[in-house]
Amino acid sequence: MHELSIAHSLLSIIERSVPSGNKGTVTEVHLDVGTLSAIELDALVFSFDIIKDKTISSKANLIINSIQGKGKCRSCGSVFPIDKFGEACPECNSFSIDILQGKELKITSISIED
Amino acid sequence: MCSTCGCGSDENVSYHQPSSHKHIHEHTHENGHSHAHEHSHDHSHEHSHQHDHHHDHSHDHSHEHKHEHSHKKTVIDVEKDILFENNMLAQRNRGYFAAKNMLAINLVSSPGSGKTSLLEKTLIDLKEKLKFYVIEGDQQTTNDADRIDATGTKVLQINTGKGCHLDSHMILHALETLKPENDSILFIENVGNLVCPAMFDLGEKERVVIISVTEGDDKPLKYPDMFHSSTLCIINKTDLLPYVPFDIKKARENALKINHHLEIIEVSCTKGDGLQEWYDWLNKKVGH
């Protein structure tokens, strides 16, 4: 359940990103999460909702932009989408695959409303 | 509040050192780390969207449009890795290890694969040649640290309480107590868990995942993140191969499917088979 730790990190980043003196309410938290990032999205949302009470983020919703994993085959050079580790290259069936994208775990922006 | 990093830790984490029989320190704060260096890379751009249009026309009548929204929405660009705090402290640890010419190895596995036994054996066999330190991570008890202490190696136990993994912040504090000498090897035995520790960089140079033949040979496929992030895989308890349906060839194939860079060593910690290969690997990594 490392998603709980991740949710705690999220809260502390939000708190430090709101300019001092801003009395608004955080309503949206935008995240980029890659499909290979080892995060269970439901668990992350669940954890965040539990711990956000009585914080600056108590009314905030997570808006998650899922980033499709992408791999490049070392044998034939083809680039293709992957959803999980251990998938073979669709062109040549090699497992020598470098991950180009999909491990993102980033908070991109937050929205605050008065 | 800690003097080094200015943190107020969010975990109920405790540190114990068996040889000194002392309880090092404990954090029990509400939540939120506040590090002294936290804001140095904060790029916060504020966009204020207020729609005030003023149109001036050249002909004789002029009018103004003013759209006012009752809710002012401010979007703040954050663009920050959610684990940046852990990653930043991991880099700090990495710098510490580099400056002291230390080799830090993060040992990860499910509970019961033989991490502590392998460690005990390694420490006893190599302690004349290499200088070792150990950080033990478990939710509760100092049992593992007591076993390591019995080998004569300086060890610190971290009890994570409810926590399912070690993080770089705990390692930073453990190092303050352990005070390792230069040119040494630090083993960090993580909490027995093949899932959560995968995400948390501790600043280690090598990550060694251990599986045993009493587990399934499809373990790499079931827990790919850990195998993908490791540099060496040790397959332990090979002396039990005649008694279990573990296909070692398939296990190797599965591990390489997940991570084609992964090195694999087969050992029997109790019988000693393959241990020399593991010791050679260690010596190679410290440059001997």
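How many residues does the contact take from chain A and from chain B?

1. **Ground rules.** This is a predicted model, where local features need pLDDT of at least 70 and side-chain atom pairs count only at pLDDT 80 or more, while totals for chains, interfaces and linings use all residues. Residues are numbered from 1 along each chain as its sequence is written, with chains lettered from A and ligands numbered from 1 in the order in which they are written.

2. **The contact.** To the opening question: chain A puts in 29 residues and chain B 36 residues (two residues are in contact if their C-beta atoms, placed from the backbone, lie within 7 Å). On chain A's side, the elements that give two or more residues are α1 (3-17) and β6 (105-113); helices (H or I, at least four residues) and strands (E, at least two) are DSSP runs, numbered from the N terminus. That side of chain A divides into 12 nonpolar, 11 polar and six charged residues.

3. Have a look at β6(A), which runs antiparallel to β4 (residues 73-81) of chain B, with seven bridges joining them (strands pair if DSSP finds at least two bridges between them). Within this pairing, A:Ser111 sits opposite B:Val75.

4. **An enclosed strand in chain B.** Strand β7 (residues 154-159) of chain B has six of its six residues buried, so it is largely enclosed by the rest of the structure. Buried is taken as 20 or more other C-beta atoms within 10 Å of a residue's own, exposed as 12 or fewer, and partly exposed as in between, with C-beta atoms placed from the backbone. B:Lys154, B:Leu156 and B:Ile158 point one way from β7(B), and B:Val155, B:Gln157 and B:Asn159 the other way.

5. **What β7(B) pairs with.** β1 (residues 13-17) of chain B is an antiparallel partner over three bridges, with B:Ser14 opposite B:Asn159. β6 (residues 132-138) of chain B runs parallel to β7(B), joined by six bridges; there B:Val134 has B:Val155 as its bridge partner. β6(B), helix α3 (residues 143-149) of chain B and β7(B) make a right-handed β-α-β unit, meaning that with the strands pointing away from the viewer, the path from the first strand over the helix to the second runs clockwise.

6. **The core.** The largest nonpolar core has 83 residues, and A:Leu10 and B:Phe187 are among those with the most contacts inside it. A core here is a set of buried Ala, Val, Leu, Ile, Met, Phe, Trp, Tyr and Cys residues joined through C-beta atoms within 7 Å. α1(A) gives the most to this core, with six residues. Leaving out residues up to four places away in sequence, B:Phe187 touches B:Ile105, B:Leu107, B:Leu119, B:Phe132 and B:Val134.

7. **Chain A overall.** Its pattern along the sequence is α-β-α-β-β-β-β-β. The radius of gyration of chain A is 18 Å, well over the 13 Å that the globule rule gives for 114 residues, so chain A is more spread out than a compact globule. That radius is taken over C-alpha atoms, and the rule is 2.2 Å times the number of residues to the power 0.38.

8. A:Ala38 has a positive phi, near 65°, and is buried. A:Lys54 also has a positive phi, near 60°, but is exposed.

Key
Ala, Val, Leu, Ile, Met, Phe, Trp, Tyr, Cys and Pro count as nonpolar, Asp, Glu, Lys and Arg as charged, and the others, Gly among them, as polar.
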